[in-house]
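Thanks for coming. Please have the sequence and the model open while I talk.

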Amino acid sequence: MIWLMIAGMCLVTFIPRALPLVLGRSLMLPRWVRRWLSFFPYAALGSLIFPGILTVVGGRPWIGLAAGGCAALLALKARNAIFPVLAAIAVAVGLQLATAG
Amino acid sequence: MERGAAAEVLRGVRAGVPVAVGYVPMAMAFGVLATQTGLSFFQAGAMSFFVYAGASQFASLGLLAGGASALAIVLATLVLNFRHFLMSVALSRRLPLRQGSDHRARIAPLVLGFGITDETFVVASIEERLTLRYFFGLIVTVYLAWLSGTLVGAGFSSLIPPVIARGMGVALYAMFIAILVPGVKKSWVNGLVAVAGGLLAWGASVLIPGIPSGWRIVIAILVASAFGAMLGSADETGLEQGEAA
């Protein structure tokens, strides 16, 4: 039962992911669709960041916001995402310890 | 040529490190929860090895605990993963996949398609020099992080103390922000679309309580991007150029 479920989940996850790449650019799309598609990553980013960032530490949404703000400031200068990420982790850990109990 | 190829893969690996940092605590949490739900070590590992979709994996555990059938769980997974279809369509315009009948041209879309997640999609599609090797390095790195995290969680426990794990949980958000900022510097419309996406996702969760996170993202992607398309094109460099080629 579990293994059957895993096999089914594998298929329904894999097919939608791979199919468009298999078809590739043989699909001719009108210009407005291409413009639409071009914004997908930014729209996805917005929805991935908010409101999820408020829930990093349950009950203390400001910790996620502070860590995210720190990442945004560093990202203005940094060329690689790793520095903003490490700094945000440090802020999130530090704020939890500083405000614990 | 070979050195250049390795360097491309390595560039992708480096881009995958922040994602991997964010995946490890989540994957450990999944491993722990999976064994608590009654899955064996191998079943938990197989889930991450074959299915490899964080949100659906967690959802399937909740459904299993609630006594849902395998078919119901598979259907729920299909619905939850519709967003990856949209992401794959967008990525297919950017990835320089060759048309061809040789072995590599046939296998590449399958391997690369398997590696599409919310995180690898946004990292890859905002990368200006997106090559197949870069994407391969990126997806292998984060896949191994997800798989090894699951195995550690299922085999031992979440080795990371909760305070640190929650701190690491901020990694993905920080990474999203770090790749969004350069895009906003390039064009304010990109930022506007991202803000619209966030507000739509939030609005959807308020208006439709209990809506799966996958569908919040689908709504945000479809609507916010349409809004952006009325104002212009996101990256003339990537998409339009790829189209002309």
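This is a predicted model: local features need pLDDT of at least 70, side-chain atom pairs count only at pLDDT 80 or more; totals for chains, interfaces and linings use all residues.

Residues are numbered from 1 along each chain as its sequence is written, and chains are lettered from A and ligands numbered from 1 in the order in which they are written.

Confidence comes first. The model has an ipTM of 0.93 and a pTM of 0.89. Within chain B, helix α2 (residues 41-51) has the highest confidence, at 97, and helix α13 (residues 236-244) the lowest, at a mean of 42. The pLDDT is below 50 over residues 237-245 of chain B, and that stretch has 15 contacts in the model beyond near neighbours in sequence. A contact here means two residues whose C-beta atoms, placed from the backbone, lie within 7 Å.

Now the fold of chain B. Chain B has 13 helices and zero strands; helices are DSSP runs of H or I with at least four residues, strands are runs of E with at least two, and both are numbered from the N terminus. With a radius of gyration of 19 Å, close to the 18 Å from the globule rule for 245 residues, chain B is as compact as a globular protein of that length. That radius is taken over C-alpha atoms, and the rule is 2.2 Å times the number of residues to the power 0.38. Of the contacts in chain B with a separation of 6 or more, 75% are between residues 24 or more positions apart. Chain B is divided into domain 1 (2-173) and domain 2 (187-245), with bounds from an automatic or database domain assignment. Their centres, over C-alpha atoms, are separated by 22 Å.

How much of α5(B) is buried? Eight of its eleven residues are, so α5(B) is largely enclosed by the rest of the structure. Buried means 20 or more other C-beta atoms within 10 Å of the residue's own, exposed means 12 or fewer, and partly exposed is in between, with C-beta atoms placed from the backbone. Among the buried residues are R83(B), H84(B) and L86(B). The buried residues of α5(B) pack against α1, α2 and α3 of chain A, and against α6 (103-114), α7 (118-126) and α12 of chain B. Where α5(B) meets α12(B), F82(B), R83(B) and L86(B) touch G214(B), I217(B), V218(B) and I221(B). By class, that contact has five nonpolar, one polar and one charged residues.

That leads to the interface. In total, 61 residues of chain A contact 85 residues of chain B. On the chain A side, α1(A) supplies the largest share, 17 residues. By class, that side has 46 nonpolar, eleven polar and four charged residues. Nonpolar covers Ala, Val, Leu, Ile, Met, Phe, Trp, Tyr, Cys and Pro; charged covers Asp, Glu, Lys and Arg; the others, Gly among them, are polar.

Last, one residue of chain A. I63(A) is in helix α4 of chain A and counts as buried because it has 25 C-beta neighbours inside 10 Å. Beyond residues up to four places away in sequence, I63(A) touches V56(A), V57(A), A92(A), L95(A) and Q96(A).

Terms used: pLDDT is the predictor's confidence in each residue, from 0 to 100.
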